Amino acid sequence: FRRVLFRSFFGKLTPKKNPGLLFDAHAVLAEKLRSRTQLMFVGSGELDNELRSRGPNSIFAGFINQRALSDYYLAADIVVLPSRRMGETWGLVVNEALQAGCAAVVSDAAGCSEEFKSWERVRIFPDGDAPRLAAHITDLSALDRDFDWCRSRLAEYSIEAAARALLAP
C-alpha cells in the first residue's frame, strides 16, 4: 500500500497567489514521488478554469466555508503558499496549516516567511522558483505525517499569549 501524499493550496485562485506554480514544481519532482502526489486546491477565483485544464487529475474542492476547512487541512501533508510580491502581507493559511500539523512551503514574498523560516517543517523558497519549491516538497515528503510537531511552538500565537504581551510593561 502506497499512501497518497496531498500537496495543497488554500486561497483565492488569483495571479497574486500564484497557485499554478504547484503544477510547475510537480512536473520536476522525481517520478517515484510525483506518482504518489496529488495536488489539492481549496478555493476559487479567476484562475479556476485555467488550473483545471492543467491538472485534470488534481482535486479542486472549490470555495469551502471557514468552519469546514479543518478537514481539508487535516487531509493535507504539505501546504504550499506560492504568493508573489503583489501584496501577501502575512499568509494566514500557513498559521491554519500549522495548527493542523501540516508542513508548509512558503514563498519569500509572504510576510509570514520571516516568522516561520526557522521552524522544523517549514521551508521558504524564492518567489516563483518552481525547482526550489519542488526540492522543498521532496525534502518534507521524506518526513512522516505528524499532527503535533509544532503544537508547543504555536502556543506563542494563542489569544492568551497575545493578551499577556499586550499587558506586559
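Which residue in β5 stands opposite Leu81? The residue is Val106. The model is predicted: local features need pLDDT of at least 70, side-chain atom pairs count only at pLDDT 80 or more, and totals for chains, interfaces and linings use all residues. Residues are numbered from 1 along each chain as its sequence is written, and side-chain values use heavy atoms, with hydrogens and water left out.

**Sheet**

An open sheet is formed by six strands in the order β3-β2-β1-β4-β5-β6, with parallel pairing. Strands (E, at least two residues) and helices (H or I, at least four) are DSSP runs, numbered from the N terminus; two strands pair if DSSP finds at least two bridges between them. The edges are β3 (59–62) and β6 (122–125), each of which pairs on one side only. On average, and with direction ignored, neighbouring strands of this sheet are turned by 20° against each other. Axes here are lines fitted to C-alpha atoms, for helices over the stretch in contact, and angles run from 0 to 180 degrees between N-to-C directions.

| Strands | Bridges |
|---|---|
| β1 and β2 | six |
| β2 and β3 | three |
| β4 and β5 | four |

Individual bridge partners can be named for two of these pairings. Arg7 has Leu39 in β2 as its partner, and Val42 has Gly62 in β3.

Strand β2 (residues 37–42) is largely enclosed by the rest of the structure, because six of its six residues are buried. Buried means under 20% relative accessible area, exposed over 50%, and partly exposed in between (1.4 Å probe, protein chains only). Thr37, Leu39 and Phe41 point one way from β2, and Gln38, Met40 and Val42 point the other way. In a regular strand the side chains alternate between the two faces of the sheet.

**Helix α5**

Six of the eight residues of α5 are buried, so this helix is largely enclosed by the rest of the structure. The buried residues are Val93, Val94, Asn95, Glu96, Ala97 and Leu98. Gly101 follows α5 and has a positive phi, near 85°.

**Largest pocket**

The largest pocket has a volume of about 390 Å³. On a 1 Å grid over the protein atoms alone, a pocket is an open set of points where a 1.4 Å probe fits, with protein on both sides within 12 Å along at least five of seven lines; lining residues have an atom within 4 Å of a point. Grid points are joined across faces, edges and corners, and the volume is the space filled by probe spheres set on the points.

The lining has 19 residues, of which Phe10, Gly11, Lys12, Leu69 and Val93 lie nearest the pocket centre. Elements giving two or more residues to this lining are α4 (69–75) and α5. With three residues, α5 gives the most. By class, the lining divides into nine nonpolar, five polar and five charged residues. Ala, Val, Leu, Ile, Met, Phe, Trp, Tyr, Cys and Pro count as nonpolar, Asp, Glu, Lys and Arg as charged, and the others, Gly among them, as polar.
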